[in-house]
Amino acid sequence: MEQTDVANETEAEDALLEVLNSNNAVLHQYTKSNGHPRFVNVLAKLYSKLLNRDVNPQSEILSTLGASEALFCAITGLIDVGDEVIIIEPYFDVYVPLIKISGGTPRFIALKPKLNESELGSSADWVFDSKELEGLFTEKTRAIILNTPNNPLGKVFDLSELTLIANLCKKMECFLELEHFLASLPGMWERTVTIGSAGKTFCATGWKVGWVYGSAQLLRGLQIVHQYAVFTGSTPLEEAIAIVFEKELSRLGQDESYFVTLEKELKSKRDYIVKKLLEAHMKPTIPDGGFFYYLHSESDEYKDFQFTKWLTKNVGLQGVPPTVFYTDKNKQLFENYVRFCFIKKQETLEKAAQTLNKFNASHIEM
Ligand SMILES: Cc1ncc(COP(=O)(O)O)c(C=O)c1O
């Protein structure tokens with residue numbers, strides 16, 4: 001897998017080397033089921049600060065094997081036969097099978113662009129219809145899964161959208177994936193399970209270190225599934241991520257904080273590729289968060305999988321057809337988009353820009 005040249009890749013690697021060189025035999029043995037103490041302690045300190053409340057490291061944090069295991073524990077631990085779960089499209093593929101094996105039923109609502117196709121927009125211009133969302137809530141609704149920043153769109157749900165969702169959720173538990181604002185809204189701590197992933201945060205997807213936080217009462221169900229599914233996470237990897245988080249905690253909000261530099265770095269990569277796409281007369285949906293963006297294809301001939309295959313073969317650019325993130329009902333609305341990743345080395349982005357210029361010339365003859 002290609003490296004992304006984001007600074008903390010090396011900090012995480014250095015932390016792991018420190019762990020492996022430490023001669024501390026305990027770090028090679030099983031750790032506690034709810035999470036390696038150093039790891040859950042630093043997460044509790046971090047979220048206590050960010051959420052402005054005391055987060056208990058033992059009962060309100062659970063470490064997991066990536067966000068994937070956190071999703072497995074959250075859905076199978078909290079969804080029962082007959083429950084309904086609302087999913088916002090585009091969505092990550094694991095939600096539906098997990099809901100189904102728990103005996104639940106997924107209900108869907110799609111984010112749709114409010115601008116017409118000829119206008120340039122950002123991911124914030126992709127919205128859900130609030131009346132349609134309200135109509136999905138029934139007495140069987142147990143949860144809504146919210147992925148923000150959304151993969152693949154890069155949408156960051158804003159405060160008014162989160163407040164609307166929170167108000168609809170007040171009568172149920174609610175899962176929130178990959179971000180933490182919903183849990184901080186009034187009355188939402190008791191209803192929100194929030195999932196994070198070191199793979200995403202520190203650009204180390206292969207490490208598979210994740211975590212969940214939420215009220216002790218909600219987390220109990222997840223802890224039981226985790227205990228009997230995997231028992232514990234990986235001690236040395238959790239120790240290494242704890243070291244990186246401890247460093248971050250000591251410089252939170254400062255210019256040298258990774259969270260600050262990452263945001264700047266991602267913004268500059270995003271702005272670079274958007275500028276090049278516009279110069280090549282292409283139409284990206286400018287992402288407000290995450291690592292991905294949608295590109296609109298103007299071709300009537302090539303759509304969806306065909307278009308991404310065509311791009312790979314003839315242009316040398318690898319994208320993902322976003323229809324894989326939609327239900328059959330809505331797939332055809334999004335056949336003219338491709339998802340690309342922009343968290344790449346500068347030289348890779350420059351190569352992509354040159355390729356896009358060549359593509360623009362051949363595109364005219366397509
Ligand atoms: C929305 C979303 N959820 C969960 C995951 C899985 O994360 P992890 O690799 O930490 O298991 C991903 C990975 O791409 C993702 O995009």
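Trainee: Over what distance should helix H3 (residues 66-78) span, and what do its end C-alpha atoms give?

Mentor: Helices here are DSSP runs of H or I with at least four residues, and strands are E runs of at least two, numbered from the N terminus. The expected span is 1.5 Å times one less than the number of residues. H3 has 13 residues, so at 1.5 Å a residue it should span 18 Å, and its end C-alpha atoms agree, being apart by 18 Å.

Trainee: Before we go on, what kind of model is this?

Mentor: Residues are numbered from 1 along each chain as its sequence is written, and side-chain values use heavy atoms, with hydrogens and water left out. As for the kind, local features need pLDDT of at least 70, side-chain atom pairs count only at pLDDT 80 or more, totals for chains, interfaces and linings use all residues, and the model is predicted.

Trainee: Which residues of H3 are buried?

Mentor: Buried means under 20% relative accessible area, exposed over 50%, and partly exposed in between, with a 1.4 Å probe and protein chains only. On that cut-off, the buried residues of H3 are Gly 66, Ala 67, Glu 69, Ala 70, Leu 71, Cys 73, Ala 74, Ile 75 and Leu 78.

Trainee: Which residues touch the most other members of the largest nonpolar core?

Mentor: A nonpolar core is a set of buried Ala, Val, Leu, Ile, Met, Phe, Trp, Tyr and Cys residues joined through side-chain atoms within 4.5 Å. The largest one holds 57 residues, and the two that touch the most other members are Trp 207 and Phe 245.

Trainee: From which domains does this core draw at least three residues each?

Mentor: The bounds come from an automatic or database domain assignment. By those bounds, the core draws at least three residues from each of domain 1 (7-250) and domain 2 (258-356).

Trainee: Where does Pro 90 lie, and what is omega at its cis bond with Glu 89?

Mentor: Pro 90 is in the loop between strand S2 (84-89) and helix H4 (95-101). The peptide bond joining Glu 89 and Pro 90 is cis, with omega at about 0°.

Trainee: And what is omega for the cis bond between Asn 151 and Pro 152?

Mentor: Pro 152 has its place in the loop between strand S7 (141-147) and helix H6 (159-169). Its cis bond with Asn 151 has an omega of about 25°.

Trainee: Is Asn 52 buried or exposed?

Mentor: Asn 52 sits in the loop between helix H2 (37-51) and strand S1 (61-64). Its phi is positive, about 55°, although it is not a glycine. With a relative accessible area of 72%, Asn 52 is exposed.
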